[in-house]
Protein chains: 2
Amino acid sequence: MSKPTLALIGATGAVGTVMRELVSTRDDVWGEIRLVASARSAGKVLQVRGEDVVVQALAPEVFDGVDVAIFDVPDEVSAEWVPVAAARGAIAIDKSGTFRMEPDVPLVVPEVNPLDARNRPRNIISTPNCTTLSMMAAIGALHAEYTLKELVVASYQAVSGAGVAGPARLYDEIEALAGDRTVGQSAGDVRKALANKLEADSPFPAPIAFNVVPWAGSYKEGGWASEELKLRNESRKILGIPDLKVSATCVRVPVVTTHSLAVHARFEREITVADAHRILEAAPTVVLMDDPANGVWPTPVDVVGTDPTYIGRIRQAVDFPNTLDMFVCGDNLRKGAALNAAEIAELVAAEF
Amino acid sequence: MSKPTLALIGATGAVGTVMRELVSTRDDVWGEIRLVASARSAGKVLQVRGEDVVVQALAPEVFDGVDVAIFDVPDEVSAEWVPVAAARGAIAIDKSGTFRMEPDVPLVVPEVNPLDARNRPRNIISTPNCTTLSMMAAIGALHAEYTLKELVVASYQAVSGAGVAGPARLYDEIEALAGDRTVGQSAGDVRKALANKLEADSPFPAPIAFNVVPWAGSYKEGGWASEELKLRNESRKILGIPDLKVSATCVRVPVVTTHSLAVHARFEREITVADAHRILEAAPTVVLMDDPANGVWPTPVDVVGTDPTYIGRIRQAVDFPNTLDMFVCGDNLRKGAALNAAEIAELVAAEF
């Protein structure tokens with residue numbers, strides 16, 4: 001039996017870089033691995049599994065003979081090229097928002113709904129937005145036993161969720177402001193200091209150093225940011241709870257990589273901290289870090305660059321029945337993006 | 001009629017510094033102003049209302065002839081000295097946590113419950129914790145018309161909430177890490193870089209640069225941090241809603257000053273975004289910044305150093321009836337601390 005051929009579309013981006021590392025270090029289930037990117041990056045030589053691979057420009061022919069194609073490209077590129085790949089016989093795993101809510105495209109988190117990956121009438125499988133993904137393995141494990149009814153979420157989202165330009169901007173701003181021990185103490189002083197030293201062009205709609213920015217994504221009706229509605233709609237679809245109640249506030253913070261979420265979750269019946277610990281300790285890709293009396297809880301800088309979903313600060317709500325408050329951290333470039341796509345690809349590869 | 005005498009206890013701290021600025025620039029309702037601090041700071045000369053004032057060491061005699069004493073000192077110092085001031089005839093306004101939940105000590109936010117300041121059988125008035133205060137003027141205005149039932153809050157707390165050592169540590173960490181454009185990308189790299197350059201001694205239980213830290217205060221039963229329970233208990237007392245349901249998750253972020261809160265608030269009856277706008281526009285110390293289609297919402301660096309409570313990102317919850325999601329910012333050293341105490345002192349001064 002020959003191993004399936006994999007194509008990575010968007011191989012040069014922030015997620016693409018992690019994806020190359022993942023397919024180089026995880027179980028080697030792949031035959032040929034092709035790297036594909038925009039015409040601008042074509043001809044570049046990148047390493048995969050320790051070997052040099054020449055990046056090919058995106059074109060219909062690159063999908064010939066490809067069994068599985070992982071797309072990490074902007075929405076409009078996915079909209080055009082995912083159907084091309086599928087039509088040429090590849091199973092397309094798409095990281096963009098384009099197909100996630102289509103009823104005939106499964107939205108898959110392998111720990112939560114692996115069987116959905118089998119039902120893919122259009123040969124397309126979608127992978128969720130990084131904010132949703134950063135908590136889903138942990139929340140899915142609790143839901144499986146206690147049945148989730150409501151989620152109120154506030155996010156602490158890392159800058160790399162905005163692509164490679166995000167960390168570059170944060171490092172630039174930090175460098176521009178470091179050494180000034182008065183900055184951040186009067187209104188507008190950070191903006192003024194940055195305006196003197198950096199170009200205005202930023203992936204963020206406000207300064208991100210010494211600040212938090214309550215906006216992620218594009219404007220939607222009712223004052224919602226698109227990431228907040230994605231968290232709602234995608235959680236419902238992945239968990240298979242069409243009437244799940246969700247409210248989210250998405251906030252960008254000056255963290256390079258790893259999204260954190262404060263989660264207030266109501267279940268169908270009473271769930272204690274001990275119940276949650278038992279479930280989460282047994283969940284294979286979840287790491288429980290929950291001993292606050294001894295200062296044990298996850299933070300971004302302690303877990304970044306690793307695969308699991310970390311959870312701590314689990315408390316039974318004092319005033320809300322059947323409800324837990326929690327703090328979850330997940331690397332938005334790994335489980336939040338590349339790793340989930342790689343895991344779906346491996347699920348599919350097992351069919352060959 | 002002679003103007004009342006004011007004493008500022010803890011005049012040299014982070015809040016004390018803002019307090020001296022406030023009494024120097026607000027309506028001049030005070031006669032003599034005495035500055036008091038620990039024996040270590042006694043003899044220092046500080047400016048108030050443009051005049052030099054010699055700092056006196058805390059002792060029973062400093063309260064002789066004092067009408068109003070504002071305390072910004074650690075809990076144990078308040079526990080000892082607030083009753084001394086009250087016994088010597090001063091009305092003591094205490095910023096510490098010591099007396100806040102005592103039934104015979106009012107807990108006052110002048111915009112919300114000014115009349116409670118009149119009922120002070122022990123001659124003591126308490127002012128809330130800075131996290132609670134940072135949202136209270138806005139939440140109180142909405143409650144007055146729509147009756148609050150539930151609050152789910154996640155905080156983004158500035159480092160100056162931990163005292164003058166907080167900003168010093170953040171600036172130190174930023175300086176130590178600036179220029180390294182790989183930091184924050186692998187687990188523990190921030191800790192390692194800091195360990196090489198800085199002393200381990202930090203007011204925070206984890207790195208605060210390039211990080212968020214889900215812990216504020218001391219350990220309480222059930223895994224709660226003391227600040228989370230304060231937000232619950234103090235909100236109930238200030239708003240006069242003994243059965244208000246509250247869950248909070250308190251998280252420290254690398255912001256110098258200005259606490260932000262993501263607030264999910266359920267009311268007794270339906271409240272629209274337009275209703276909330278009407279109320280908040282009319283609330284005298286609240287500034288509405290809520291036009292997300294045009295990128296208008298508050299962030300810490302845009303409002304720090306100013307007095308109002310800023311609110312934006314107001315949305316009607318999609319799945320929860322009678323519920324708004326919001327984002328609130330307030331300077332934790334001003335409205336969150338010194339300003340609220342100064343306002344209570346002015347309420348009391350008007351009685352003289």
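User: Which element gives the largest share of the lining of the second largest cavity?
Analyst: This is a predicted model, in which local features need pLDDT of at least 70, side-chain atom pairs count only at pLDDT 80 or more, and totals for linings use all residues. Residues are numbered from 1 along each chain, and chains are lettered from A in the order in which they are written. On a 1 Å grid over the protein atoms alone, a cavity is a set of points where a 1.4 Å probe fits but cannot get out, and its lining residues have an atom within 4 Å of a point. With helices (H or I, at least four residues) and strands (E, at least two) taken as DSSP runs numbered from the N terminus, the largest share, three residues, comes from α1(B).

User: How many nonpolar residues does the lining of the second largest cavity have?
Analyst: Among the residues of this lining are Leu8(B), Met19(B), Phe71(B) and Asp72(B). Ala, Val, Leu, Ile, Met, Phe, Trp, Tyr, Cys and Pro count as nonpolar, Asp, Glu, Lys and Arg as charged, and the others, Gly among them, as polar. By these classes the lining has one charged residue, two polar and, as the number asked for, seven nonpolar.

User: How much space lies in the largest cavity?
Analyst: The structure holds six cavities of 30 Å³ or more, where a volume is the space filled by probe spheres set on grid points joined across faces, edges and corners. The largest cavity is lined by 17 residues, with Val152(A) and Val152(B) among those nearest its centre. The space in this largest cavity is about 120 Å³.

Methods
Side-chain values use heavy atoms; hydrogens and water are left out. On a 1 Å grid over the protein atoms alone, a cavity is a set of points where a 1.4 Å probe fits but cannot get out, and a pocket is an open set with protein on both sides within 12 Å along at least five of seven lines; lining residues have an atom within 4 Å of a point.
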